Amino acid sequence: MEIIPYQPYIDPEFESLIERIHPPRRKSFFFLICRVCIDNDAYQDCTLVKVDSANKHGILLEMVQVLTDLELVISKSYISSDGGWFMDVFHVTDQLGNKLTDETLILYIQQALCASRRGEGASSEVQKCLKRDVRPRHVSTENTALEVTGVDRPGLMSEISAVLYELGCHVPAAVAWTHKARAACIFYIEDGLEGRPITAPEMLAHVEEQLEIVVGAHHGEGETRSVRLTTPMPGRTHTERRLHQLMYADRDYELCRGCDGGAGHWNGCTRTHVLIDSCKEKGYSVVNIKCIDRPKLLFDTLCALTDLQYVVFHAAISSKGCFADQEYFIRQTDGCTLDTENQRQKLTQCLIAAIERRVSHGLRLEICTQNRMGLLSDVTRAFRENGLSVSMSEIGTNGEKATGSFYVMDASGHDVNQRTVELLKQEIGGSVLVVNKSSNRTSQASSVSLSRSSSGGGSLDDRPKFSLGNLLWSRLERLSGNFSLI
């Protein structure tokens, strides 16, 4: 008779409890521990996305990046990552304010949030079933990247794209930001004849040399600029995060100033408020941000904190109306808090810059036309010849079609008149849609919204000093939610 050895049954939830109490330190285990629960029953007006995993620096930004690239609206979030464990709750809807009910989308989010920790994405089968692009149109991972920073001036993007066309380079995707008289652009380029990334060292050197001449043509003495070409590589930094890094390296934040109004000044104020305090009892620096809500605000804020080597231990984030409020409990990666005024001032300036860079200025034009060699050169030349400057742009291709958004102003920074718009439609061809007039501080809809629900329009002094009660409540909500099967 065969003797079957006794094997006690161990409940999987017991194993997960042990992992939470003693999160493993070995790298091979570290990447495996991630649980994502999508809950459509807790609230009538939103879907809860609960993430429970081993902690690492930058994980919060990676999670938000996944949701942002899907153009989902995060109306509220509670975050806690003390010790070796990370727990987060996102209140999420689609762009129309509906819950997430597409089973394929839900599966994609679950896979992508966990896979992002390994620098991967959801499975190819799920991505095919999703039947939509899961990254912004101006993002490319297969092409050579051209990064340019320098003084913002009318016609800069037109001149760069014209040189690329003359050198036989096709631009399948590009994005440009301007801020504080500085410009940062990323062009993804490929060989115009063969449709392949440009990797030959001599060609890369020639392209870089020609573009250095264009970018440096109107620079004054002592003004900084940069031109850099990089070939495709695994783990390339997200395009919009890279734009933040480029503008930070260009020191655009040095001219940033927030609102310095006193108590009660927040009510109706459209400027950005950043307050940094100390929570000595817990050993944190506390950052409070109040500003106008806009798309991708949470992502931009976390880019600044993460790239400046700050760790978010706790946060309470939500939105109400068109205003946003974020509260972060942070330390530097070495465990220190912000103890000097210079440290606080620099972080304040960098956060304001990260928030302001994506604020749109000018008339927004949506373009959809046939993809072709030299398209970006033709479009931007039409803007330049009609006396318009581009304050922000993004363009991408999908098969035979090219789509893009351009924010344009006249040379004086004023709105574009209707006659000029009609001329542009004729010159560019395809479909040119005027989406909205100049808004300067606001946008039509929010892709990622923020602020505590209790802060509709009160003053900065209406809040508790460190909001530890709110923090404790949010942690209890997360912990109770984690007892359910995930």
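Author: A cavity, in the sense used here, is a set of points on a 1 Å grid over the protein atoms alone where a 1.4 Å probe fits but cannot get out, and its lining residues have an atom within 4 Å of a point. The model is predicted: local features need pLDDT of at least 70 and side-chain atom pairs count only at pLDDT 80 or more, while totals for chains, interfaces and linings use all residues. Residues are numbered from 1 along each chain as its sequence is written, and side-chain values use heavy atoms, with hydrogens and water left out.

Reader: How many cavities does a search of the whole structure find, and which residues lie nearest the centre of the largest cavity?

Author: The search finds two cavities of 30 Å³ or more. The largest cavity has a volume of about 100 Å³, where a volume is the space filled by probe spheres set on the points, and grid points are joined across faces, edges and corners. Its lining comprises 14 residues, and His 170, Val 171, Gly 374, Leu 375 and Leu 376 lie nearest the centre. At least two lining residues come from each of α6 (156–166), β6 (169–179), α11 (375–385) and β14 (388–398); helices (H or I, at least four residues) and strands (E, at least two) are DSSP runs, numbered from the N terminus.

Reader: What is the average confidence of the protein, and which of its elements has the lowest?

Author: The pLDDT, the predictor's confidence in each residue from 0 to 100, averages 81 over the protein, and 76% of the residues score at least 70. Where pLDDT is low, the predicted coordinates should not be read in detail.

Reader: Why is the pair of Arg 182 and Asp 250 called a salt bridge?

Author: The term requires a side-chain nitrogen of Lys or Arg within 4 Å of a carboxyl oxygen of Asp or Glu. The closest N and O atoms of Arg 182 and Asp 250 are 2.6 Å apart, so the pair qualifies. Arg 182 belongs to strand β7 (residues 182–191) and Asp 250 to the loop between α8 (239–249) and β9 (273–279), 68 residues apart, and the pair thus links distant parts of the chain. By this rule the count comes to 22 salt bridges. One network of them links Glu 240, Arg 294, Lys 296, Asp 300 and Arg 358.

Reader: Why is Lys 290 called buried?

Author: Buried means under 20% relative accessible area, exposed over 50%, and partly exposed in between (1.4 Å probe, protein chains only). Lys 290 has 4% relative accessibility, and therefore counts as buried. Its salt-bridge partner is Asp 325, with 3.2 Å between the closest N and O atoms. At 1%, Asp 325 is buried as well.

Reader: What makes Lys 56 buried or exposed, or something in between?

Author: The relative accessibility of Lys 56 is 22%, so the residue counts as partly exposed. Its side chain meets that of Glu 62 in a salt bridge (3.4 Å, N to O).

Reader: What share of the protein's residues is buried?

Author: Buried residues make up 52% of the 486 residues.

How values were computed. On a 1 Å grid over the protein atoms alone, a cavity is a set of points where a 1.4 Å probe fits but cannot get out, and a pocket is an open set with protein on both sides within 12 Å along at least five of seven lines; lining residues have an atom within 4 Å of a point.
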